[in-house]
Each structure stands twice: as structure tokens, then as C-alpha cells.
Amino acid sequence: MTAESFKDGLKIQKEMMGDEFPQRAIDNTTPLTRPYHELLVGFTFGEVWKRTELSRVERSLVTLSFLIALNRPDQMRTHIRAALNNGVPKEKIFELAIHALAYLGAPLAGTARNTMVEEFQKLGLEPPAAQPA
């Protein structure tokens, strides 16, 4: 991992998540945890998210899908905000919960749905309107 990857990763992370999230992570980094943090930011954001084969919108949807499947609501919260900042409409984010219902089952889809609604409310966004059956 290069210093440039970390620098690029930090820039991308700030664009996606705002300045507070990455700064809080930096502030909580110790000499022991610094190499891990640099690898995480440098590889995940400075290498993977920088690639052009998928757009940020597509990467956000894929990432949220993985987090739903892994049942990681805390990580979902961060990536819901990032997805919105990347231009993903809330309706498409919510559609992932509906799709998860078919492929992952009600418990995982329900957790995803609840996490999405909570984050939309925190951001002052109305949850998507109910779709007719």
C-alpha cells in the first residue's frame, strides 16, 4: 500500500461520508492501529472505490447488498449515508430490502428495512411511499 493510496482513499472517503467520519477514525487511531487504518482506507477507498469499472452508485448498491447479507446494520448506517452522497435515490436503497426479502429471507430483510427507515428519519428524509401490491 502506498502513501498515495491512503491520500486518495481519504479524499474519496470524505467525499462519500463527509469530513467528520474519517476525521473521527483518524483521531481514534493509535500507533498500534495506524497500519490497519492506513490499509483499510488505502485499499478499500484508495484502490477499490477509485476503480472505474463500476460507478460509485453501483458500488454503493453492491456494498449495501453485501452488508444486508452479512447482517451488519451498523456498517449499513454508514453506507446508507455514503450511498445518498453518491447519488443513490432512497427508493433504490429501500428496494434492496425488498430484493433481500426474496433471496435472504424476512429476518435479514427486516433488519435492513428497519435500519434504512431509521437512517432516513435521522437525515430528515421521508421513507419511500408504500408500493401497491
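The model is predicted. Its secondary structure comes to seven helices and zero strands.

**Overall layout**
- Read along the sequence, the protein chain has the pattern α-α-α-α-α-α-α.
- Taken along the principal axes, the C-alpha atoms fill a box of roughly 50 × 30 × 25 Å.

**Burial and contacts**
- The protein chain has 133 residues, of which 34% count as buried.
- Considering contacts between residues at least 6 apart in sequence, 67% join residues at least 24 apart.

**Charges**
- The protein chain carries 16 positive and 16 negative charges.

**Helix 4**
- Helix 4 covers residues 56-69, which makes 14 residues.
- From its first C-alpha to its last, helix 4 reaches 20 Å, close to the 20 Å expected at 1.5 Å a residue.
- The buried residues of helix 4 are Arg59, Ser60, Thr63, Leu64, Leu67 and Ile68.
- These buried residues pack against four other helices: helix 3 (34-48), helix 5 (73-85), helix 6 (90-104) and helix 7 (106-122).

Key:
Residues are numbered from 1 along each chain as its sequence is written. This is a predicted model: local features need pLDDT of at least 70, side-chain atom pairs count only at pLDDT 80 or more; totals for chains, interfaces and linings use all residues. Side-chain values use heavy atoms; hydrogens and water are left out. Helices (H or I, at least four residues) and strands (E, at least two) are DSSP runs, numbered from the N terminus. The expected span of a helix is 1.5 Å times one less than its number of residues. Buried means under 20% relative accessible area, exposed over 50%, partly exposed in between (1.4 Å probe, protein chains only). Contact means heavy atoms within 4.5 Å. Lys and Arg count as positive and Asp and Glu as negative; His and the chain ends are not counted. The place of a charge is taken as NZ of Lys, CZ of Arg, CG of Asp or CD of Glu.
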